[in-house]
Amino acid sequence: MRSKETMTASKRRSAESLTKGFRGIFGFLFGMSGIINILALTGAFYMLQIYDRALTSGSVPTLLAISVLAIGLYFFQGLFDAIRSQILVRIGARLDRKVAPLAHEVAIDMPRFGFSTAEALERGRDVDTVRGFLGSQGPMALFDLPWMPLFLAFVYMLHPWLGALTIGGAFVLTMLTIVAELLTRRLSYATHQAAVTRNAIADSNTRNADVLKAMGFAGRAILRFRRANEEHLELQTRTNDISGTFGAFSRVLRMILQSAVLGLGAFLTIQGELSAGAIIAASVASARALAPIDLAIGNWKNVVSARTAFGRLKETAMALADNEVPMPLPEPKKSLKVETITVAAPGSGRVLLSDVSFEMKAGQALGIIGPSGGGKTTLVRALTGIWPVLRGSVRLDDAELSQWDDEALGQYVGYLPQEVALLDATVEENISRLHEGPDARAIVEAAMAAGVHEMIVRMPEGYRTELGPLGVSLSGGQRQRIGLARALFGNPFVVVLDEPNSNLDGEGERALTAAIEDVKSRGGIVVVIAHRPSALAAVDLVAVVQNGRMTAFGPKEEIMGNAKAREAPAAELKTRQEARPMAARVMA
């Protein structure tokens with residue numbers, strides 16, 4: 001097991017890997033920004049030369065030479081500025097290619113640990129936020145800010161008083177930027193959380209659209225969304241008010257400062273300490289010196305959003321750093337062992353299952369029964385590795401599930417959840433689990449094992465039929481049988497079925513029983529959660545799970561016989577209780 005220091009170093013390296021390869025590019029952009037800012041002095045020098053040289057000499061050739069030189073310098077400034085912008089856009093695209101798959105990987109895992117779908121999807125939006133920021137004017141301001149002293153020095157060389165006035169204005173605008181940062185930091189986080197809450201409600205309403213429509217409470221669902229949206233809008237408005245107010249003040253102060261520079265320059269000219277050309281040059285240079293601060297304040301909301309989003313992306317990379325790639329293990333063929341496992345709900349931490357143990361050998365099928373809410377589905381999630389166990393272990397051929405890579409483990413596990421959601425893809429892609437170039441024979445075999453082949457070939461495009469979002473064009477039974485085919489694809493060693501016959505008709509139940517028998521005959525293991533007895537037709541063992549514990553485990557005949565024995569006295573007592581009022585009425 002890795003030491004704490006090693007894990008911390010690994011996380012740090014993973015966070016730093018997000019910017020690996022970009023530091024050299026950012027250094028190049030910083031140098032290019034220096035060239036752009038030096039060329040930005042062209043306007044100030046041009047004004048200085050026009051008023052102090054061309055006008056005083058009255059020479060047209062001098063005017064033309066100065067103008068041609070200025071146009072050339074402006075051209076190079078624009079060229080470098082365009083290149084800098086294009087490089088930043090490509091950095092954003094490169095970061096997206098690098099980080100978006102990692103963010104999506106974490107987004108897939110987050111619902112397993114109690115996060116909402118909206119919270120999970122925020123990781124993808126974080127990538128969009130950072131990429132959008134890199135293509136905006138915000139980075140330009142940040143790259144230009146370090147070069148402000150260049151313009152301040154130029155104004156100072158024209159006259160110390162003008163330099164002092166410009167430096168004072170820069171200091172005031174910098175303080176405004178810092179105050180804006182302090183005021184918007186907490187609000188930006190609260191606004192983000194409110195947006196997540198609003199999006200979670202919207203996602204929930206969309207997923208339950210049929211229920212909302214059928215039972216007529218869509219209006220109340222919309223009202224719930226409206227309240228969350230109002231809270232988000234209020235926080236966003238406050239954030240925008242702060243950014244907009246400070247942006248407006250900064251622009252006004254910059255105009256006042258520019259006018260003050262002109263006024264002070266005029267006074268110094270009257271005093272004979274400054275030339276007329278120097279007045280215009282000082283005004284142009286001071287405005288250019290303060291422009292990055294003004295631009296930064298105007299884009300500060302985007303700066304804060306991008307910084308927060310990038311911080312979450314670093315957390316994403318650090319979370320993935322915890323996932324070591326296990327050593328490849330042989331294909332499991334012998335047993336499934338559950339050793340005193342305790343499982344808690346990831347979101348709340350409430351213990352749902354305690355001290356469950358059993359063992360199954362190859363070729364056996366287990367039926368799990370019990371009341372609703374007793375812990376059956378929790379046990380399924382632990383067996384498939386969806387939820388981690390607090391204590392104990394789940395083992396395939398004596399190896400804990402954590403010793404298997406997810407993709408490798410997926411080859412040996414088939415899973416049919418209680419609520420079957422198919423991917424927005426073709427039937428072929430759904431059954432084959434998105435394999436590229438899958439074996440067509442294996443797909444057909446899985447479909448035939450699930451008794452769904454005939455239904456599929458009757459579809460408009462057969463196995464190439466697009467199912468659409470969540471497979472809503474199919475009935476519940478059709479989705480369940482295609483989900484069963486997906487669970488059986490590739491002949492996995494362990495097949496876990498959570499209420500697999502809840503939407504099946506008689507034909508579907510017979511296909512289910514045949515599928516379980518087939519898995520047993522090839523040396524696999526089947527675990528079936530069932531409320532309807534017909535799902536237990538092919539199982540050998542039965543376990544009873546209730547109140548978060550396994551209260552019975554053994555051969556089907558023994559467990560079911562005991563259950564019937566317990567039910568018989570209760571049924572007899574109920575019959576007697578019902579007979580007493582009847583006898584009383586007869587005697588009357």
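Reader: Which residues touch the most other members of the largest nonpolar core?

Author: The general idea is that, in soluble globular proteins, nonpolar side chains tend to be buried together. In this predicted model, the largest nonpolar core has 42 residues, and I431, I482 and L497 are the ones that touch the most other members. Helix α18, which spans residues 476-488, supplies the largest share of this core, with 5 residues. There is also a second, separate core of 34 residues, which includes L379, A382, L383 and V545.

Reader: With which residues is I431 in contact, leaving aside its neighbours within four places in sequence?

Author: Leaving those neighbours aside, I431 is in contact with I443, A446, A447, I456, Y463, I482, A485, R486 and F489.

Reader: Which residues of helix α16 are buried, and how should I read their arrangement?

Author: To read a helix, one can look at where its buried residues point around the axis. In α16 (residues 440-449), the buried residues are A442, I443, A446 and A447. Because they cover an arc of only 135° around the axis, they lie on the same side of α16. The face turned away from that buried side carries the exposed residues R441 and M448, while the cover over the buried residues includes α15 (427-431), α17 (453-457) and α18.

Reader: What is found at the N-terminal end of α16, and what just after the helix?

Author: At the N-terminal end, D439 caps α16, with a side-chain oxygen 3.0 Å from the backbone nitrogen of R441. Just after α16, G451 takes a positive phi of about 70°.

Reader: Is N205 buried or exposed?

Author: A residue is called buried when its relative accessible area is under 20%. N205, which lies in helix α8 (residues 160-207), has a relative accessibility of 17%, and therefore counts as buried. Leaving aside its neighbours within four places in sequence, N205 is in contact with L212, A221 and F225. The C-alpha atoms of N205 and I222 are separated by 8.2 Å, and these two residues are 17 apart along the chain.

Reader: How many aromatic pairs does a search of the whole structure find?

Author: The search finds 6 aromatic pairs. One of them joins F75 and F76 in an edge-to-face arrangement, 5.8 Å centre to centre with 75° between the planes. F75 counts as exposed because its relative accessibility is 56%, whereas F76, at 42%, is partly exposed.

Reader: What lies over the face of W387?

Author: R381 lies over that face, at 4.7 Å from the ring centre of W387.

Conventions. Residues numbered from 1 in each chain as written. Predicted model: local features only at pLDDT ≥ 70, side-chain atom pairs only at ≥ 80, totals over all residues. Heavy atoms only, no water. Phe/Tyr/Trp six-rings, centres within 6.5 Å; stacked < 30°, edge-to-face > 60°. Buried < 20%, exposed > 50% of the residue type's maximum accessible area, 1.4 Å probe, protein only. Lys NZ or Arg CZ within 6 Å of the ring centre and 35° of its normal. Core = buried A, V, L, I, M, F, W, Y, C linked by side-chain atoms within 4.5 Å. Helix = DSSP H or I, 4+ residues; strand = E, 2+ residues; numbered from the N terminus. Contact = heavy atoms within 4.5 Å. Arc of directions from axis to C-beta. Polar contact = N/O pair within 3.5 Å; in protein donor to acceptor, adjacent residues only side chain to side chain.
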